[in-house]
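Visitor: Could you take me on a close look at one part of this model? I would like to see how a single residue sits among its surroundings, and then what lies around that spot.

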Amino acid sequence: MAITDKIYVKNHRQLASQLETSFPKGAFKGATLDVLFQGEGLAKLDDASRERVLDFAEDFLDCDCEANPHCGCPERKFVAYLLELREQGLGPDAIVDVMSDDYLLYAYPGDVLSFLDDSVRTLEAVETLADVDGREDVAEETRERRQRLL
């Protein structure tokens, strides 16, 4: 299961009440993206919530894909965001706090830790394969990236 399947809308009930509709708690579920980012939904939100939702849309939903926001770009951008937070030295608890403050999203710190561990293991595998294939440049770049996540 992808980490984006474990990212949830904070204050879900409050937002559902403001929007006068129900939608899934999962931030990257299709129905959630439709309700929060299309139509008149934003106008019904209080100012603070609307600002965070707009920040999320600007940072993760801005792509030229025909199927936007159901194209996979938001999920890829969010994964990059999580990895950047880790590269800045933040641990799982701090990453959850930042995403909550920035976008009204939350996750369980254990899920974030598992994602980060999987990311490091994947980079180790890429590094090994690049070494075997004689791609020293790729191996070195991957090694540096992995070190930034540790």
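This is a predicted model: local features need pLDDT of at least 70, side-chain atom pairs count only at pLDDT 80 or more; totals for chains, interfaces and linings use all residues.

Guide: Glu20 counts as exposed, because its relative accessibility of 66% is over the 50% cut-off.

Asn11 is partly exposed, with a relative accessible area of 38%.

Now step into helix α2, which covers residues 30-37 and holds Thr32. Thr32 has a relative accessible area of 0%, so this residue is buried. Beyond its neighbours within four places in sequence, Thr32 is in contact with Val9, Phe23, Pro24, Gly26, Ala27 and Phe37.

From here we can turn to the largest nonpolar core, a set of 35 residues in which Ile7, Phe56, Phe78 and Met99 have the most contacts. Helix α2 is among the elements that give two or more residues to this core, along with α1 (12-19), α4 (47-60), α5 (73-87), α6 (92-103) and α7 (109-132). Take Ile7: leaving aside neighbours within four places in sequence, its contacts include Gly26, Ala27, Phe78 and Met99.

One last stop is the loop between α4 and α5, where Pro69 lies. The peptide bond from Asn68 to Pro69 is cis, with omega near 10°.

Terms used: Residues are numbered from 1 along each chain as its sequence is written. Side-chain values use heavy atoms; hydrogens and water are left out. Helices (H or I, at least four residues) and strands (E, at least two) are DSSP runs, numbered from the N terminus. Buried means under 20% relative accessible area, exposed over 50%, partly exposed in between (1.4 Å probe, protein chains only). Contact means heavy atoms within 4.5 Å. A nonpolar core is a set of buried Ala, Val, Leu, Ile, Met, Phe, Trp, Tyr and Cys residues joined through side-chain atoms within 4.5 Å.
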